[in-house]
Amino acid sequence: MPLQFTTSYLEDSLAVFRQYKKHAEAAMAQLSDQQLTATLDEESNSIAIIVKHMYGNMRSRWTDFLTTDGEKPDRNRDTEFEAPAATREALMQQWEAGWACLFQALEPLTDADLTRKVTIRGEAHSVMQAINRQMGHYAMHCGQIVFLAKHLAHDRWKPLTIPRNRSADYNRRVAAGEASQR
């Protein structure tokens, strides 16, 4: 899908979130079930743990987004880093459920909502600040997923964006309307 010119912060934010989601999904699709739970060392998180954490964060932040604190009382963040989903199917159900919380919270908003006040752990944020906070958080974790997947797939890796040494061809395709940066 080509990049859609917009001056709407919300429209562009949703497009960026969808891009992060798409890239992480394409990265996870290149791995075996076993690789989804692999770690690089004792202090590292597996992709399955990152997904579990993102799900917990998204459920907490985006459920009743405008009316309740973004850190829900029933969230136990520490357990998000233990015992990941046992199957790819369960992992992807968490993944989809988390993103559904985000999209259900953001899609109905209007530009007038951007200045409304919400809280996260009792700290006041404008809706725009809360979106930016989570966009940065999810960019980091989706980047971790892509990094780990590329490392684990090694020579089987298929690039998600512009393949190495193909920038000129890609730029030509964008100029011709055959490709897009999103």
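These legends go with close-up views of a predicted model.

**View 1. Helices α1 and α4 run side by side.**
Two packed helices are described by the angle between their axes and the distance between the axes. Here, helix α1 covers residues 9-28, and its axis comes within 9 Å of the α4 axis, with a crossing of roughly 20°. An angle under 35 degrees counts as roughly parallel, so α1 is roughly parallel to α4. If you follow the crossing itself, α1 passes α4 in a left-handed way. On the α1 side, the residues making the contact include Tyr9, Leu10, Val16, Phe17, Tyr20, Ala24 and Met28. Their partners on α4 include Met128, Ile131, Met135, Tyr138, Cys142, Ile145 and Ala149. Sort the residues of this contact by class and you get 17 nonpolar, four polar and no charged.

Helix α3 spans residues 88-106, helix α4 spans residues 127-153, and the two pack at an angle of about 155°. Their axes are 14 Å apart. Angles over 145 degrees count as roughly antiparallel, and therefore α3 and α4 get that label. The crossing of α3 past α4 is left-handed. Look for Trp95, Trp99, Leu102 and Leu106 on α3, which meet Ile131, Tyr138, Cys142 and Ile145 on α4. What kinds of residues make up the contact of α3 with α4? There are eight nonpolar ones, no polar ones and no charged ones.

The axes of α1 and α3 are 11 Å apart, and the packing angle is about 175°. That makes α1 and α3 roughly antiparallel to each other. From α1, the contact draws on Leu14, Phe17, Arg18, Tyr20, Lys21, Ala24, Glu25 and Met28. From α3 come Arg88, Leu91, Met92, Trp95, Glu96, Trp99, Leu102, Phe103 and Leu106. By class, this contact has 12 nonpolar and five charged residues, with no polar ones.

In soluble globular proteins, nonpolar side chains tend to be buried together. In this model, the largest nonpolar core has 41 residues. At least two residues of this core come from each of α1, α2 (47-62), α3, β1 (117-120) and α4. Which element gives the largest share of this core? That's α4, with 10 residues. Inside the core, Trp62 and Ile145 have the most contacts. Zoom in on Ile145 and, leaving aside neighbours within four places in sequence, you'll find it in contact with Ala24, Ala27, Met28, Ile47, Ile50, Val51, Met54 and Trp95.

**View 2. Leu106 is tucked away in helix α3.**
Leu106 sits in helix α3. Is Leu106 buried or exposed? Its relative accessible area is 2%, so Leu106 is buried. If you skip residues up to four places away in sequence, Leu106 touches Leu14, Phe17, Trp62, Phe65 and Ile131. Take one of these, Trp62: Leu106 and Trp62 are 44 residues apart in sequence, while their C-alpha atoms are 8.3 Å apart in space.

**View 3. Leu91 is another buried leucine of helix α3.**
Leu91 belongs to helix α3, and it is buried, with a relative accessible area of 2%. Beyond residues up to four places away in sequence, Leu91 touches Met28, Leu36, Ala48, Val51 and Ala85. Now find Ile49: it is 42 residues from Leu91 in sequence, and 9.2 Å from it in space, C-alpha to C-alpha.

**View 4. Two loop residues have a positive phi.**
Most residues other than glycine have a negative phi. Arg121 isn't a glycine, yet its phi is positive, at about 55°. You'll find Arg121 in the loop between β1 and β2 (123-126), where it is partly exposed, with a relative accessible area of 45%. His154 isn't a glycine either, and its phi is positive at about 50°. Where is His154 found? Check the loop between α4 and α5 (167-175). His154 is exposed, with a relative accessible area of 61%.

Conventions
Residues are numbered from 1 along each chain as its sequence is written. This is a predicted model: local features need pLDDT of at least 70, side-chain atom pairs count only at pLDDT 80 or more; totals for chains, interfaces and linings use all residues. Side-chain values use heavy atoms; hydrogens and water are left out. Axes are lines fitted to C-alpha atoms, for helices over the stretch in contact, and angles run from 0 to 180 degrees between N-to-C directions. Helices (H or I, at least four residues) and strands (E, at least two) are DSSP runs, numbered from the N terminus. Angles under 35 degrees count as roughly parallel, over 145 as roughly antiparallel, 65 to 115 as roughly perpendicular and the rest as oblique. A crossing is left-handed if the near helix is turned anticlockwise from the far one by less than a right angle, and right-handed if clockwise. Contact means heavy atoms within 4.5 Å. Ala, Val, Leu, Ile, Met, Phe, Trp, Tyr, Cys and Pro count as nonpolar, Asp, Glu, Lys and Arg as charged, and the others, Gly among them, as polar. A nonpolar core is a set of buried Ala, Val, Leu, Ile, Met, Phe, Trp, Tyr and Cys residues joined through side-chain atoms within 4.5 Å. Buried means under 20% relative accessible area, exposed over 50%, partly exposed in between (1.4 Å probe, protein chains only).
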